[in-house]
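Colleague: Could you walk me through the charged pairs in this one?
Modeller: Gladly, let me put it up.
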Amino acid sequence: MKLETQASNRNPTSLSAVDKYNVESAEILANSALHLPITQSAPIYEQLLSIFPTAAKYWRQYVEAQMVVNNDDATKQIFSRCLLNCLHVPLWRCYIRFIRKANDKKGVEGQEETRKAFDFMLSYVGADIASGPVWMEYIAFLKSLPAANTQEESQRMTAVRKAYQKAIVTPTHHIEQLWRDYENFENSVSRQLAKGLLSEYQPKYTSARAVYRELKKYVDEIDWNMLAIPPTDSCKMQWVAWKRLLAFEKGNPQRIDSASNKRIIFSYEQCLMYLYHYPDIWYDYATWHAKGGSMDAAVKVFQRALKALPDSEMLKYAYAELEESRGAIPSAKKLYESILGDAAQTTALAHIQFIRFLRRNEGVEAARKYFLDARKSPSCTYHVYVAYALMAFCLDKDPKVAHNVFEAGMKHFMHEPLYILEYADFLSCLNDDRNIRALFERALSSLPQEESIEIWKRFTQFERTYGDLATMLKVEQRRKEALSGTSEEGDSALETSLQDLISRYSFKDLWPCSSKDLDHLSRQEWLTKNIGKKVEKSALSDGSAATDKSSSAAAGISAASLKVLRPDTSQMVIYDPKQHQGTAVPSNTTASNLSNPVASVVGAVSNPLLNPSVSMLDSGSANTFDEVLKATPPALIAFLTSLPAVEGPTPNVDIVLSICLQNDLPTGQAKKSTNLPSQRTTGPAPSTSDLSGSSKSHPIPRRQLGKRKDLDRQEEEESTTVQSQPLPRDAFRIRQMQKARGGSASQTGSVSYGSALSGDLSGSTC
């Protein structure tokens, strides 16, 4: 919820209950109140502060408006409402200003009241990193007090010294200035005494200054003008900043006295001014008190938390847990009853937690009575029956009562597959295989097909684990027949006998085959499944497909296969070049072209209509296409022109390898263009005609001629071995030839990279 900006612009004195946490609209209202008399601005402030009760700047603006008109009673009332919840130095300095003004003319009595007000303020905000001016103002006030005799003068000096000694061990922005003032003060009183006091407090001051420098890093990340709104993404960084600051304070190495925990308390209180609606901050604050043994303080924090977040069920359970842990059972019970009394929070979980609470603290009979009442509630679900039955079985050691509870639940939750499975697990604990089979049969006879999938899976798994072979095979066949026509049909149709066999003879993460076999089966299943989807998508105009649900065997195989991220195959369609706009079968596509894949691909490259990538470029993009060709290495262009035309995105690997071995590609140019990019522009840039199968040779730079001659000589020497033989079409023989060529290259001691593209095989590394 936020403040509604449009409503604020129309009427700046009203708030919208629909959008009340809008910060911009709150600022508009607060600024408008500055220009209104107090009688008109007071309702605006009250409304703002009812939404932002920890907004110190609004409290300060409100109280200053009352102070301007000298409305002392209203000012005191406002301070009593905000000071303890808003540990904000500017607001507290406003309070001191009001107190000093009210006691300015009351003499000694007024001075004493002012001193008490200073002590009161420093006990709450004296640990603030911005409290340096407050300490300076307090010290200046003490120095200004009159002293009628030597004793009063001594008391005044003692009070000033104590104030300085507290200030110089507090990490504030003005700590160095305070130390210098303290040195001057002690030296002005007694140089001999100052030497001992300064040497005593020098290490404490040094430690406090070091803490300040570290603390400042965390404080600088905090937005001190932020309003307390419910958690949003925009406030995430502030939450992180406060968490870091709290962690630093908890691990603060500065331990001056027994009141060192005051800094942690102060940090939590300041944090709650801005993260007022964050339940985790309230919980951390309360548990920190509880771990430190301050149970009463933890209770007070929880009470404040429930006032800030009355709908937080988490905090209520946490508060009840604290009360129960310290033996305050009646208080804890009231909290549970408050949850059950709230219609919005009365859920099955609330019933279950209260049953457990009663079982822990009041016994079995109290829990049973409440269960009998809870099952009549409209918010009672099958979870309540399962929880109470398992409690009776595990805690009360009474399987008969647990069985009766499950049977009673079957009257209401026969349509819940998860309840059936919980009941089956319970019967498994009793080793009651006969009733387990009867339960599955009862459930399958009443559940519709779509809701019986999980029951069939569990039934099949049960028979595979505990049944005989005939029963196992029978249930598997029944499952396939029963799930035909549902989303499970695709999986059951894909399951081969081998997959069924693996599912039957596997146990947890143990499989009767290798990981390669599992991976092969999972890939085969995936391909078959998605090909079916593609066919269905292309056949149906609306593109709808069945929901992908894998069987238990397939799921196990997929889980045991390689852990890879797979694409969203539901978005894939079968490749069809005719689907590209503007494509058509060229007139030069003849039978002779089709019989020669090399010739057809050359024609495809020269004719954009045959190449999907080229067909996307219209006539106006010819210049762009030429620029791409200029930047392409000649060896790559020659390789691309040699590739056959294929239907779909996946060519035949053996054909590609054969083309690589048979064609004479400019390997030397390819190598040089790879190693020396600057030489790419030495020769003329390739044009479109180069792609069409032109036999023009690309010029070779002079610096490469020597290397090229060596390569040609090496190729001639090796041509008498492997190249003289007819090139095979079998991929296995190709790899054997490559290995043999690798051996001959190792004998000559020279290796020519890049020849793998041309098929020269001169020391190619495969």
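Colleague: Is Glu46 buried, partly exposed or exposed?
Modeller: Glu46 counts as partly exposed at 31% relative accessibility, where buried means under 20% relative accessible area, exposed over 50% and partly exposed in between, with a 1.4 Å probe and protein chains only. Please keep in mind that this is a predicted model, in which local features need pLDDT of at least 70 and side-chain atom pairs count only at pLDDT 80 or more, whereas totals for chains, interfaces and linings use all residues. Residues are numbered from 1 along each chain as its sequence is written, and side-chain values use heavy atoms, with hydrogens and water left out.

Colleague: Which side chain meets Glu46 in a salt bridge?
Modeller: That is Arg81, at 3.1 Å from N to O; a salt bridge is a side-chain nitrogen of Lys or Arg within 4 Å of a carboxyl oxygen of Asp or Glu. Arg81 lies in helix α5 and Glu46 in helix α3, so the pair ties together parts that are 35 residues apart in sequence. Helices here are DSSP runs of H or I with at least four residues, numbered from the N terminus.

Colleague: And how many salt bridges does the structure hold?
Modeller: It holds 33, and Arg60, Glu64 and Arg97 are linked in a network of them.

Colleague: Switching topic, where is Glu323, and is it buried or exposed?
Modeller: Glu323 sits in helix α16, residues 313–325, and is buried, with a relative accessible area of 3%. Apart from neighbours within four places in sequence, its contacts include Val299, Ile329 and Leu335, contact meaning heavy atoms within 4.5 Å.

Technical notes:
Helix = DSSP H or I, 4+ residues; strand = E, 2+ residues; numbered from the N terminus.
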